[in-house]
Amino acid sequence: MFGTLPLILILLTSSVLGVALFRAFRLPAMLAYFLVGLILGPHALGLLPDTEATREFAEFGIVFLMFSIGLEFSLPQLYAMRSKVLGLGGAQVILTLAVAMSIAKFAGISWPAAFVIGSALTMSSTAIVSKMLAERVDLNSRHGRLSIGVLLFQDIAVVPILVLIPALALLKATAMLLFLFTVGKWVVNPWFNLVASQRSRELFVMNVLMVTLLLAFATKLAGLSYALGAFIAGMLISETRYRYQVESDISPFRDIFLGLFFISVGMLLNVQEVIDHIGFVLLILVGFILFKTVIIALVVKLVKYETGVAIRTGVILAQAGEFSFVILALGLEQKLISGSALQMILAASLLSMVAAPFLIQYNGRIARKLVPSYNRNSGQVVQDIDAIGRHLNGHVIICGYGRSGQYLGRFLKEENIQFIALDIDPARVLEASAAGENVMFGDAGRRVVLEAAGGARAKALIISYDDNPAAMKILHVVQESYPELPVIVRTVDDSKMEELREAGAAEVVPEVLEGSLMLASHALMLLGVPLHRVVKRIRLFREERYKLFKGFFHGISDAESVDLEKQQVRLHSVIISAGAFAVGRRLADMHLDILNVEVKTIRRPNLIGVAPTIDSTLAEGDVIVLLGQPTGLTNAQNALLIGRVAIK
């Protein structure tokens, strides 16, 4: 048997090669981890021991995943989802358990074993569903929120299933949750402020790990799961201003431990047992997926959601979950289930988790195939947007029509600039459109929606809400379909500015930063600082933070002292006329860099701006926007128009 270090090297090498291979074929990485666990596990090569310590260590993958999901859900959001968590989740668990137990009993299985099987099949995979929804940027969609709500109740429902004295366990659980939610949020924020003030990244990361694991351990002591405690930790931290920094720091730990969890799941499967009963296993698998999809879809339909959304939610949650294996292990330990029955349920559960990424990936297509009206509704949304968008040209597309989007719309109206707003809140769209606002229901992250909104003819697209994953999705679509369309993104703080700019954003506007500037300007005015000095300081600060504010177009009202005027970097536009020297020449041939002048953009008819490159060929009618000091700008203008530089 290998020692610890060789075993770790085998595990790492197998994981790296497996994930690389599956990524090359565009398959989910979690399937590679399953395969590694299956091959190296006790039922195949036997290199990885299946011990209690291994399983508990692997469970931390779920801990860090649930922590990351908790960062996406604030306490007000969870309260708003109470009907989904308690009503929808409770109905799903009770119905699935009752029907599964009845079927198992009808098949001749004892009531205790039927309870174990029904409880196991009731659970869905938090790890798979959350990861797939996050990757697809579907966490905030209707079917995404419904799925997460059901998963949260399933995690809570594990308590009475696993604990022998449900009343005592629930009392402990209730007390622990109330303590964490009431006291936790008053402690977490000051504590993180204190740690962050030390300005040590190492200390900050250790603190995040400590808080996450401490709350996970506390909920475990209360009879709940590690995962639920980590989720609560994430929600508490989501209320602080360190949310995005924490999310960035924790992601490496989450991904590594999550991979280890999937390896441990693969280790449970006895391949020979599956081969011996393959027909029955496949029958259980298909029946289980169909049965769970139908149950969840019916429950969702009963709470007044359309059939397409109900089917999508059912398909997303149709697999077994991580706690299914915990329940089966407990049943085995208590001698309630064993032998072939255990292996067949285990195999079907594992195979359902293997099939889950593919089902989740195509859940929308499945729903549209089964419910033609859902497809028509989706098509109708695009047609409604197209009915407005086809008449627009040189307009602005506003993604999100909340408070910021509405204020922006008012400014555009005052400047007689046409716009179309897209929002996925049906109530808001109904209210705003009834009031005569040009707002339509639609997901701006879909290519067909942006096309219908006139993306090819728009002058700019503005993302007015703070949702980094959704913004990245929109930027990806824009870069693929409309690379010349400038995109402005709103965020809470400046932690994601560079990431969003690299993804294609023309500018990123952090609301905390802008709020601070307004606060500073009002304070300076109140303290008697002259208006022109306040404006100058705010302008200089913006030049440091925003690339679009680098320099400004000067006018008579901007006259300052002569010395400052010579040093001030500014923007200057040069129109390339018919007989200009630059017509037909490449930008590289003009050698403007020698003059210490930067070409910011090239504006052309019907285009708000073209990103300049050294191979850009200049044409008649181009407007070259330059950034530099006055002398350099004068020389650059002469070079572009007459081909000569007169340095004074």
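Asn596 counts as exposed, at 66% relative accessibility. That residue belongs to a predicted model, and it sits in the loop between E7 and E8. Across the chain the mean pLDDT is 78, with 81% of residues at 70 or more. Here's a quick tour, from that loop through the helices and strands to the aromatic pairs.

- Asn596 has a positive phi of about 60°, although it is not a glycine.
- His591 is found in the loop between strand E7 (570–575) and strand E8 (598–604), and its phi is also positive, at about 55°, again without being a glycine.
- Why are these angles worth a second look? Because most residues other than glycine have a negative phi.
- His591 is partly exposed, with a relative accessible area of 47%; the cut-off for exposed is over 50%, so His591 falls in the class in between.

- Where pLDDT is low, the predicted coordinates should not be read in detail.

- Strand E5 (residues 487–491) and strand E6 (residues 507–510) run parallel and are joined by four bridges.
- Together with helix H25 (residues 497–502), E5 and E6 make a β-α-β unit, and it is right-handed.

**Helix H24 and what covers it**

- Helix H24 (residues 468–481) has 14 residues, which at 1.5 Å a residue should span 20 Å; its end C-alpha atoms are 20 Å apart, so expectation and model agree.
- The buried residues in H24 are Asn468, Ala470, Ala471, Ile474, Leu475, Val477 and Val478.
- A handy reminder when reading that list: an α-helix has 3.6 residues a turn, so residues three or four places apart point the same way.
- Which elements cover the buried residues of H24? The cover includes strand E1 (396–399), helix H23 (447–452), strand E4 (460–463), E5 and H25.

**Aromatic pairs**

- How many aromatic pairs are there? The count comes to two.
- Phe192 and Phe204 form an edge-to-face pair, 5.9 Å centre to centre with 80° between the planes.
- That pair links distant parts of the chain: Phe192 is in helix H10 (residues 166–196) and Phe204 in helix H11 (residues 201–221), twelve residues apart.
- Phe192 and Phe204 are both buried.
- Tyr401 and Phe419 have ring centres 6.5 Å apart and planes at 25°, so this pair is stacked.
- Tyr401 lies in the loop between E1 and helix H21 (403–414), whereas Phe419 is in strand E2 (residues 419–423), so the pair ties together parts 18 residues apart in sequence.
- Both Tyr401 and Phe419 are buried.

**Buried spots in the helices**

- Asn207 lies in helix H11. Is Asn207 buried or exposed? Asn207 is buried, with a relative accessible area of 4%.
- Leaving aside neighbours within four places in sequence, Asn207 is in contact with Trp191, Phe192 and Val195; Phe192 is the residue that also takes part in the edge-to-face pair.
- Ile232 has its place in helix H12 (residues 226–238) and counts as buried, at 1% relative accessibility.
- Ile232 and Leu215 are 17 residues apart in sequence, but their C-alpha atoms are 7.6 Å apart in space.
- Thr96 sits in helix H6 (residues 82–106) and is buried, with a relative accessible area of 0%.
- Which residues does Thr96 touch, not counting those up to four places away in sequence? Thr96 touches Leu121, Thr122, Phe291 and Ile295.

- Thr601 has its place in strand E8. At 14% relative accessible area, Thr601 is buried, because the cut-off is under 20%.
- Thr601 and Ala611 are ten residues apart in sequence and 5.4 Å apart in space, C-alpha to C-alpha.

Conventions:
Residues numbered from 1 in each chain as written. Predicted model: local features only at pLDDT ≥ 70, side-chain atom pairs only at ≥ 80, totals over all residues. Heavy atoms only, no water. Helix = DSSP H or I, 4+ residues; strand = E, 2+ residues; numbered from the N terminus. Buried < 20%, exposed > 50% of the residue type's maximum accessible area, 1.4 Å probe, protein only. Contact = heavy atoms within 4.5 Å. Pairing = 2+ DSSP bridges. Right-handed = clockwise from strand over helix to strand, strands pointing away. pLDDT = per-residue confidence, 0-100. Expected span 1.5 Å × (residues − 1). Phe/Tyr/Trp six-rings, centres within 6.5 Å; stacked < 30°, edge-to-face > 60°.
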